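Let's take a walk through this one together.

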Amino acid sequence: MTVAKMIIDQLIEEKIVQFKEEGFFTFASGIHSPIYADLRQTISYPKTRRLITEALADLVQTAYPKTTVIAGVATAGIPQAALVAEKLDLPMVYVRSKPKDHGTKSQIEGVLNESDQVLLIDDLISTGGSVLQAAKAVSEAGYQVTGVLSIFSYDFPDASQNFAAAGLTFKPIVTYSALLAEYRDKVGLSDEKTASYASWHADPWHWKG
């Protein structure tokens, strides 16, 4: 069993990710969704937390080996970034959603050097808006962003387009399609419901449930 599959099993078992067979969740964007992923909960489960740290650290070393600093995107990316930075013995910073309104008015908290290669970590990517804002802040401060990692990605086309436009790549541990396939096998989801959840992913703004 792969680490990604083990993580998916944990997300389902601990109800960190939930599918609704009737009704829907509503995202802040207004999207009606059959799935809700509360990945902030992962830090409360040691086994899940360790698996995620190992998988993210592995991705840093294999996909972004030039990384010299791990950056957490506030707030959900901060604990994951801290755990990965500790495992890899790398410096860590975190990036606020906007500069603080007091003191040094910093948006990036921690120490960066001119030659640093900064890897951003967030918990979840939908359209990529928040993490791309963080990447922009790092770039505008004069530092190089190597890429973005996350625990989970909905794999929306919007995200791929937004990252391409920003000239950045991103790699999640878990994708929506892999999660749905495992959920279907684990709970015996009907073909009809599986098709409905797949159709939501194809066009979340117009999904009817």
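**From a threonine to a pocket**

Start at Thr 194, which sits in helix α7 (residues 191-202); helices here are DSSP runs of H or I with at least four residues, strands are E runs of at least two, and both are numbered from the N terminus. Keep in mind that this is a predicted model, where local features need pLDDT of at least 70 and side-chain atom pairs count only at pLDDT 80 or more, while totals for chains, interfaces and linings use all residues. Residues are numbered from 1 along each chain as its sequence is written, and side-chain values use heavy atoms, with hydrogens and water left out.

Thr 194 has a relative accessible area of 13%, so it is buried (under 20%; exposed is over 50% and partly exposed lies in between, with a 1.4 Å probe and protein chains only). A polar atom of its side chain lies 2.9 Å from the backbone oxygen of Ser 190. Beyond its neighbours within four places in sequence, Thr 194 is in contact with Leu 180, Arg 184 and Leu 189, where contact means heavy atoms within 4.5 Å.

Leu 180 counts as buried because its relative accessibility is 7%. Leaving out residues up to four places away in sequence, Leu 180 touches Phe 19, Leu 189, Thr 194, Tyr 197 and Ala 198. The C-alpha atoms of Leu 180 and Phe 19 are 9.1 Å apart, though 161 residues separate the two along the chain.

Phe 19 brings us to the rings: ring pairs join it in a cluster with Phe 27, Phe 152, Tyr 154, Phe 156, Tyr 176, Tyr 183, Tyr 197 and Trp 200. Rings of Phe, Tyr and Trp (its six-membered ring) pair if their centres lie within 6.5 Å, with planes under 30 degrees apart called stacked, over 60 edge-to-face and the rest tilted. The structure holds twelve aromatic pairs. Phe 27 and Tyr 154 make a tilted one, because their ring centres are 5.7 Å apart and their planes stand at 45°. Phe 27 lies in the loop between β2 (25-26) and β3 (32-33), and Tyr 154 in the loop between β9 (144-153) and α5 (157-166), so this pair ties together parts 127 residues apart in sequence. Tyr 154 also pairs with Phe 156: centres 5.3 Å apart and planes at 10°, so stacked.

Last stop: α4 gives the most to the lining of the largest pocket, with five residues.

Methods: Polar contact = N/O pair within 3.5 Å; in protein donor to acceptor, adjacent residues only side chain to side chain.
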